[in-house]
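Reader: Could you walk me through reading a protein model, feature by feature? I would like the general idea and then the case at hand.

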Amino acid sequence: MGIPEALQTVQNRIKEAAAKSGRNPDDIKLVVVSKTIGLQRIIEAIQAGEVIFGENRVQEAREKIAGLEREAPALTGMSVQWHLIGHLQKNKARTAVRLFNLIQTVDSSGLAEEINSSAMKNGKIQEILVQVKLSDEEAKHGVPEKELLPLLEKIGAMDHLRFRGLMTMPPFSNDPDESRPYFRRLKELSYKIDKEGFPVNVLSMGMSNDFEVGIEEGATMVRVGSAIFGQRRR
Ligand SMILES: *Cc1c(COP(=O)(O)O)cnc(C)c1O
């Protein structure tokens, strides 16, 4: 399957999952996860109408964004957006602020402070999601549930950050239904923090193997890579 066809298939599956749960498909954004994928295939996805790309490494994203401007300047006018979906090291915050429209992986006040001060120097308001760790097993990143509100209070005091919502990544499983309790929990948390004065506009949950379940549980953003580009080697 070519990239345009694979994208069409994923978009159709998003629409069906939305219909099944009585939701408007326009409320669900697709982040095309382009980590490890070369520029030519990203260009194909842009030509097929996709405008949001997710990368997990700052350096890799920097090269691609520069490459795109060099090789396909006409396409950069198509308001292509880049999201950081991988862990951010503090020493790369400055570069990340320059490159990304949305940083989905804020999980500590130290990192938030670093992004805030970089954004200030750049004269930018940086939009962020807070990554929540809902399983205590293998997950390395994400803020534990009980530390979420204190973190949001600190972020709320940082003038150059705009909190937009929550992101999570359940433990990997081949059975999409195993992700459901985690997605449901993130949605519940979003109600809870909303009541505390932190409105959640974005719920980023669901990947190639479980995005339909994510949508059934309230995702407004799904991050899909291998269902579009095929299996990655790393
Ligand atoms: C790689 C990655 C994805 C996409 O995974 P696929 O299974 O290829 O769809 C989504 N979110 C994050 C955070 C990732 O690192």
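Reader: How far apart are the mean positions of the positive and negative charges of the protein?

Author: Lys and Arg count as positive and Asp and Glu as negative, while His and the chain ends are not counted. Each charge is placed at NZ of Lys, CZ of Arg, CG of Asp or CD of Glu. Here there are 33 positive and 32 negative charges, and their mean positions lie 5 Å apart.

Reader: And what sort of model is this?

Author: It is a predicted model, where local features need pLDDT of at least 70 and side-chain atom pairs count only at pLDDT 80 or more, while totals for chains, interfaces and linings use all residues. Residues are numbered from 1 along each chain as its sequence is written, and side-chain values use heavy atoms, with hydrogens and water left out.

Reader: What radius of gyration does the protein have, and what would a compact globule have?

Author: The radius is taken over C-alpha atoms, and the globule rule is 2.2 Å times the number of residues to the power 0.38. For 234 residues a compact globule would come out near 17 Å, and the protein agrees, with 17 Å. Its C-alpha trace spans about 45 × 45 × 30 Å along the principal axes.

Reader: How much of the protein is buried?

Author: Buried means under 20% relative accessible area, exposed over 50%, and partly exposed in between (1.4 Å probe, protein chains only). Buried residues make up 50% of the 234 in the protein.

Reader: How many helices and strands are there?

Author: Both are DSSP runs numbered from the N terminus: helices are H or I with at least four residues, strands E with at least two. The protein has 10 helices and 9 strands.

Reader: Which residues of helix 3 are buried, and what covers them?

Author: Val58, Glu60, Ala61, Lys64, Ile65, Gly67 and Leu68 are the buried ones. Their cover includes helix 2 (39-47), strand 2 (52-55), helix 4 (73-76), strand 3 (81-84) and helix 5 (93-99).

Reader: Where is Gln11, and what is it in contact with beyond its sequence neighbours?

Author: Contact means heavy atoms within 4.5 Å. Gln11 sits in helix 1 (residues 3-20), and leaving aside neighbours within four places in sequence, Gln11 is in contact with Leu30 and Glu50. Gln11 is partly exposed because its relative accessible area is 23%.

Reader: What is the phi of Thr36?

Author: Phi of Thr36 is near 70°, a positive value in a residue other than glycine. Thr36 belongs to the loop between strand 1 (29-33) and helix 2.
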